[in-house]
Amino acid sequence: MAEVTVVLVDDHPVVHDGVRAWLEQDPQRRVELVAAGDDVEVAWTAPGLTADVVLLDLNLHGTMVVPEVSRFAEAGRRVVVYSEHSDDATVLAVMERGAYAFLAKQEARDHCVATILAAATDRPYVAPLAAGTMAADERPDRPALSDRERTALLLWFQSMSKAAVATRMGIAETTVRQYIQRARIKYANAGRPAATRTQLLARAIQDGLIRADEVTEYASRASRTT
Amino acid sequence: MPATGSRVARTAFARLMVRCAVGLRIGSAVAAGIAAFAGLAPPATVVAVAAAVTVTTVWSAAYAVLLLRRRGGGWPVLGDAAVAAVLGLAVGKLVPAAVLTDTTGWVFLYASTTVIISPLVARTLVGLAVSVAVPAAYAAGLALATAAEPPGGALLLFVQGALVTALMTVLRRAAAAADGAVLQQEATERQAAVLAARRAEEREHYRLLHDSVSATLTVVAAGGIDTGSASLPAQAHRDLAVIERLNAPDQPAGPDLPGWLRPVVDGRPVTVDAPIPAVPVPAAVGAALAGATTEALTNAARHAAPARVQLHAAVEPDGAVTVLVADDGPGFDPAAVPDSRRGVRESVVGRMRAVQGDATVSSRPGGGTRVLLRWPGRPDGGDDPAAGAGLGEMIATRYRRGLDLVVILLVGVWHVGNDLLVLLANRGDYRWPVAEVLSWLALAAIGAVAGIRLWQGRTGRTVTWLLAGGALAAGAVGIAAVPADLLLSSADWAWGSTGWFGVLVLLRRPPRELGTFLAINAAVAVGVLADAGALDRIGLARAATTIYGTAALQLTLLLAARALAATAQRAAAVAEAESAVRRRRQVAERLHADRRQRYRTVRDAVAPLLAGLADGTLDPADREVRHRCAVEAGRLRRLFAETDDVADPLLHELRACSYIADQRGVAVDLQLTGRLPALDRDVRRALTEAPLLALAGAERRARVTVLGRSDEVAVSVLVDGPGPAPADPAGTASSTVMVSMLEEDDRRWVEARWRR
């Protein structure tokens with residue numbers, strides 16, 4: 001019996017087969033695909049409705065469905081977005097709207113099981129490209145990352161190996177993992193209010209990534225600039 | 001003193017002023033000499049007048065010779081002032097009593113000319129000194145002769161000299177401004193020419209290298225050549241010759257089209273289906289046609305090997321030269337050729353565009369390939385004459401502005417400073433004072449309108465002629481209102497001033513219009529004199545003196561204005577010629593330096609490698625040799641990419657570095673996050689060098705990531721298979737770029753990071 005269930009929203013039938021194959025590559029078969037469809041409705045109807053994680057392709061029938069991320073997040077659904085549109089603005093927008101993780105399409109094969117498993121326990125998982133986006137972020141109202149957190153993100157983006165990052169930084173691999181997750185939680189802390197944001201932050205407090213008094217009220221960028 | 005680039009306008013202007021001074025000097029000497037005898041009456045004596053006229057005539061000739069030879073003031077000016085001063089002191093013995101107190105005597109004409117022409121050819125202070133000394137001598141002469149009369153003529157002489165000195169300052173400023181503008185434009189043009197020449201040659205050299213050295217190294221790197229290949233040593237020898245040619249002093253000039261194309265087609269499997277027309281082409285065009293044809297034939301041999309290749313060169317009716325290379329091989333889909341393939345883009349199309357030509361490649365799968373090169377013939381007009389014309393127009397505009405200002409100031413100052421004061425001083429003596437005042441006002445109004453029109457450059461005939469007619473009529477009223485006994489005296493201001501309004505109105509019109517104007521004005525004046533019965537022998541001499549004295553100046557000013565345009569063109573031609581020489585010298589110097597540096601860079605990097613491949617000491621199938629070829633081919637590619645104009649040069653150059661890996665079958669994945677700041681070429685080279693070495697060692701996969709922030713850029717390469725030669729990444733670091741490397745298992749991870 002799989003530990004985690006996932007529903008897939010993607011308009012390419014080939015991808016459905018691909019995702020199944022990637023999930024089956026996991027020796028312990030910890031993730032089970034319970035439903036798949038070419039429209040978000042598949043995640044709002046049984047059996048997709050009760051899946052632990054929603055795997056969402058951002059481009060459905062030629063439309064970018066970024067607003068759908070908010071709908072899922074407000075309902076407390078754990079969304080993992082993957083897309084071939086991996087420009088910085090898209091990655092940051094998806095995270096701000098409460099998605100648990102962003103996977104570039106070419107990263108999905110290597111990282112989707114780890115991402116889905118982390119999401120199912122309300123823990124963040126940062127794939128290399130999203131790490132690079134956070135490390136390059138220069139928006140004036142970006143979350144304040146420490147130098148080590150940013151270095152860990154950059155080296156993870158470059159090497160795709162946390163062991164290699166640990167060697168380069170001269171620290172333990174678990175510390176690398178902590179730096180990356182802490183950076184991701186800082187982004188969640190700056191994101192819009194949503195049930196998923198609360199879930200992520202609550203788990204992060206339990207895990208000791210962030211203290212309760214560090215959690216801030218969300219202020220939208222529009223209200224901050226005016 | 002020879003004209004230099006920074007003084008051409010001033011020098012040309014000074015020469016024109018010398019000609020004006022000489023013309024006025026000789027003309028006034030002749031006119032004064034005639035008037036001296038024609039109006040001879042006591043207290044003047046024949047002996048004194050004959051002696052004086054001999055001196056002025058001989059001196060004027062000497063003045064002309066001295067000035068034209070020296071091309072400047074100095075002693076001739078002082079000599080002229082001395083002659084005028086002596087005449088002035090002796091004025092009581094040289095003119096009739098009737099003209100001693102006014103300004104119609106021949107001595108006054110001679111002295112007036114002296115104070116007017118001295119500032120034209122002398123420095124400001126010398127001009128002013130003459131303007132003081134000559135009137136002082138004249139005043140002294142008057143005092144000796146008449147004792148009681150106030151020296152009005154002397155005062156007028158001083159005003160004339162001072163006024164011309166002031167106006168010359170304005171004109172010299174205009175000429176200096178023109179020189180400044182010429183200098184500035186020349187500097188800009190030279191910079192552009194040097195840059196263009198450097199870039200053009202750089203690109204041509206890189207095209208040569210692309211077609212030879214780079215192609216050979218890439219094939220070896222990709223493992224396409226077996227041990228003991230028969231063709232490789234020959235190719236490597238040819239490539240070495242190409243590198244040596246980079247250092248050649250200049251491109252060999254082909255005499256005509258066959259001279260360029262014959263060496264290209266000889267020995268290649270191509271049919272030339274008609275004689276190549278023997279038309280001359282510029283060396284750059286011949287080189288471009290030859291280079292592009294070579295690339296087209298190479299491509300045909302590479303991709304359409306068994307097919308028939310035809311070359312057809314022709315000259316079209318409009319003078320355009322075309323070369324067509326056609327094969328009946330398998331063809332290809334032009335839309336499917338990626339951007340990073342430089343062959344067609346740079347080596348064929350780029351070459352032809354560099355010489356204002358063009359190239360079209362048409363092909364379709366199964367339908368053969370046609371490459372059509374076209375050069376449109378001689379560029380129309382050419383560059384240099386046009387540039388010279390532009391320069392001439394620029395200088396002419398500055399001159400014209402200066403002269404316009406001078407004429408407007410002259411007429412304005414005179415009409416207020418002289419005419420109005422005279423009118424007011426003699427207001428009770430005029431026959432019709434109101435008519436006299438109206439005449440002054442009408443001329444003032446006409447002068448204002450004409451001045452504005454002149455400044456705005458409007459020269460329409462109808463309005464101009466109306467203004468000229470108005471000025472003549474107003475002047476005639478002004479002259480007619482003067483009583484008979486004051487005719488030709490200073491109270492008769494309209495007599496001399498009307499002509500200046502003619503100059504102001506007609507400055508931009510043909511000289512015959514001002515000539516007609518002045519003739520009518522003189523006829524009116526003479527008519528009024530005749531009507532008053534004042535046209536006796538002395539009166540006629542006085543009238544002639546006055547008419548000559550004013551009209552000569554006025555016509556000279558107009559002719560000088562016209563001559564300035566031609567002077568400007570000549571000055572521009574001189575400036576252009578001198579600047580072309582300087583430009584050529586600087587271009588040649590910079591090209592030479594560039595060439596040496598480029599030659600050394602390429603030779604040091606690839607000559608040992610090619611020499612080894614040529615003499616067989618390096619085995620093209622050996623892994624290490626292939627790796628070295630991959631590294632050097634990548635560096636050459638990066639060098640070529642540096643000459644392209646693209647938005648993100650670093651990414652462009654990284655793609656160039658990746659191209660060789662791609663050709664070797666490595667799957668390269670390039671990821672960018674953030675935004676890249678502008679980076680110098682040296683920083684970009686330091687950032688791409690370690691990644692380039694790592695890419696040369698990749699076996700199957702390579703991940704290239706670029707992270708850009710305003711103060712930091714990190715380029716990283718992750719490859720499988722570390723490659724045979726351990727790269728030395730630390731050696732690629734620079735003062736601003738840090739390089740680090742991590743090897744584990746079968747992965748190599750190299751990072752180059754720049755911090756501001």
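Leu155(B) lies in helix α7 of chain B, helices being DSSP runs (H or I) of at least four residues, numbered from the N terminus. In this predicted model, Leu155(B) is exposed, with a relative accessible area of 57% (buried means under 20%, exposed over 50%, partly exposed in between, with a 1.4 Å probe and protein chains only). Together with Val132(B), Phe158(B) and Val159(B), Leu155(B) makes a nonpolar surface patch of about 340 Å²; helix α7 (residues 152-221) of chain B gives the largest share of the patch, three residues.

## Aromatic pairs

Over all chains the structure holds four aromatic pairs, counted when ring centres of Phe, Tyr or Trp (its six-membered ring) lie within 6.5 Å, with planes under 30 degrees apart called stacked, over 60 edge-to-face and the rest tilted. Trp44(A) and Phe72(A) have ring centres 4.9 Å apart and planes at 5°, so this pair is stacked. Trp44(A) belongs to helix α2 (residues 41-44) of chain A and Phe72(A) to helix α3 (residues 66-74) of chain A, so the pair ties together parts 28 residues apart in sequence. Trp44(A) is partly exposed, at 22% relative accessible area, whereas Phe72(A) is buried, at 0%.

## Basis of the model

Residues are numbered from 1 along each chain as its sequence is written, and chains are lettered from A in the order in which they are written. Chain B averages a pLDDT of 81, and 92% of the residues score at least 70.

Conventions:
Predicted model: local features only at pLDDT ≥ 70, side-chain atom pairs only at ≥ 80, totals over all residues. Heavy atoms only, no water. pLDDT = per-residue confidence, 0-100. Patch = residues over 30% accessible without salt bridge, like charges linked within 9 Å, V, L, I, M, F, W, Y side chains within 5 Å. Areas by Shrake-Rupley, 256 points an atom, 1.4 Å probe, with all protein chains shown as cover. Salt bridge = Lys/Arg side-chain N within 4 Å of Asp/Glu carboxyl O. Helix = DSSP H or I, 4+ residues; strand = E, 2+ residues; numbered from the N terminus.
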